Amino acid sequence: MKKRFISFMIACMMTTLLCACETNTREESTMTENIATESSEQEENVGGVSEEDKGSFATGIATEDSSENSSATEETSAEEAFVLTDEIEERCPIAFTATRKDVTYGEYTHGTYQSTTCGMERGYCILLPADYSMEKKYPVLYLLHGIFGNEYSFSGDSSNKIKEIVGNMAAEGLIEETIIVCPNMYATTDPKQQPGFDAESCLPYDNFINDLVTDLMPHIEKEYSVLTGRENTYLGGFSMGGRETIFIALQKPELFGYVCAISAAPGIVATTDKFMTHPGQLAEDEVKFAEDATVPNVFILCCGTRDSVVGTYPKSYHELLEANGTDHIWYEITGADHDNNAIKSGLYNLFKQIAYDKATDK
Ligand code: FER
């Protein structure tokens with residue numbers, strides 16, 4: 001165990017937290033039926049995904065997770081101190097997913113921008129800190145949804161606890177108050193085009209890199225009071241959003257200081273899975289940062305050990321990056337499916353690494 005430097009005593013708040021956190025599991029159980037957890041059911045859906053399933057692809061299905069609650073009880077004993085280290089924790093501690101009475105959380109609003117990449121006006125949701133003020137400047141996380149999703153995928157699912165995790169970590173002084181931008185990642189030029197499990201229908205996702213860099217980031221930097229530069233610009237995504245997160249980070253490593261790809265979908269390199277044949281965005285030996293590139297300070301890949309949608313593809317990306325000599329953090333979330341347990345874990349660890357990196361840098 002590498003316990004270093006900074007330690008934060010948060011014992012007092014823990015008792016408050018335990019009272020406020022009962023919403024956690026209740027909300028998590030609402031979406032369990034949305035997606036097949038048995039692979040046989042998944043296979044029946046090849047080429048024909050139901051409307052119901054599409055919703056849960058995009059957001060991360062919530063699963064009951066009794067282990068989280070029992071371990072949280074131990075973690076939140078009144079005398080426990082939170083020690084900021086660079087260690088990965090598989091589960092986001094309940095202290096950070098809880099709704100605290102003494103913390104005011106940010107709210108999502110919706111905005112639009114003119115996309116020159118897509119030739120149309122496009123939408124995004126943005127989570128501004130509760131006391132957002134033009135007098136301050138905030139770092140920004142761009143957070144990318146899964147397949148069949150849109151800008152509402154994260155804001156519409158309260159069981160992902162995004163507001164709570166970022167709000168609680170900022171309230172504890174671990175991270176700066178942070179803006180989270182949730183784009184619509186389907187960067188098509190044809191308003192009639194729809195996502196699907198075929199190569200052509202997936203191309204707009206791969207085009208999002210252009211929309212993000214050329215149109216959305218400049219819009220956000222103009223319209224909101226944000227800190228710019230890689231140290232203050234973070235990128236994360238789930239599943240299809242995880243795949244594009246890896247792709248964008250590899251193509252534009254100088255733009256993002258902190259990156260996390262959660263349960264990344266196949267297709268960065270050529271492969272055939274149970275849904276479709278992927279032509280591949282890159283050759284295997286291109287899955288790396290360019291030599292002498294300025295690279296992210298933190299590049300995390302993670303996935304649940306029971307992911308019924310992307311299986312071991314995230315691990316295969318880890319293995320490719322490793323074989324190609326690209327530094328990153330890889331970890332698995334024991335027992336998590338393609339779900340919000342993975343999302344909460346990834347986001348928590350991204351912010352924890354940001355906190356540690358920034359605390360030890362100064
Ligand atoms: C695939 C498997 C999974 C794929 C996409 C996904 C485009 C995405 C899943 C998600 O976003 O939840 O083969 O191909």
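1. Is Cys202 buried or exposed? In this predicted model, Cys202 counts as buried, because its relative accessibility comes to 3%, and the cut-off for that word is under 20% relative accessible area. Cys125 is buried as well, with a relative accessible area of 2%.

2. A student who sees cysteines in a sequence may wish to ask about disulfides. A disulfide is a covalent bond between the sulfur atoms of two cysteines. When the whole structure is searched, 0 disulfides are found. Cys125 is in no disulfide, since the nearest cysteine sulfur, which belongs to Cys182, is 6.5 Å away, whereas a disulfide needs the two sulfur atoms to be within 2.5 Å.

3. Asp273 places a polar side-chain atom 2.5 Å from an oxygen atom of the ligand, and Ser239 has a polar side-chain atom 2.8 Å from a ligand oxygen atom. In the side chain of His338, an N or O atom is 2.9 Å from an oxygen atom of the ligand. The ligand taken alone would expose 370 Å², and the protein buries 100% of that area.

Technical notes:
Residues are numbered from 1 along each chain as its sequence is written. This is a predicted model: local features need pLDDT of at least 70, side-chain atom pairs count only at pLDDT 80 or more; totals for chains, interfaces and linings use all residues. Side-chain values use heavy atoms; hydrogens and water are left out. Buried means under 20% relative accessible area, exposed over 50%, partly exposed in between (1.4 Å probe, protein chains only). A polar contact is a pair of N or O atoms within 3.5 Å; within protein, one must be able to donate a hydrogen and the other to accept it, and residues adjacent in sequence count only if both atoms are side-chain atoms. Accessible areas come from the Shrake-Rupley method with a 1.4 Å probe; for residues, only the protein chains shown count as cover.
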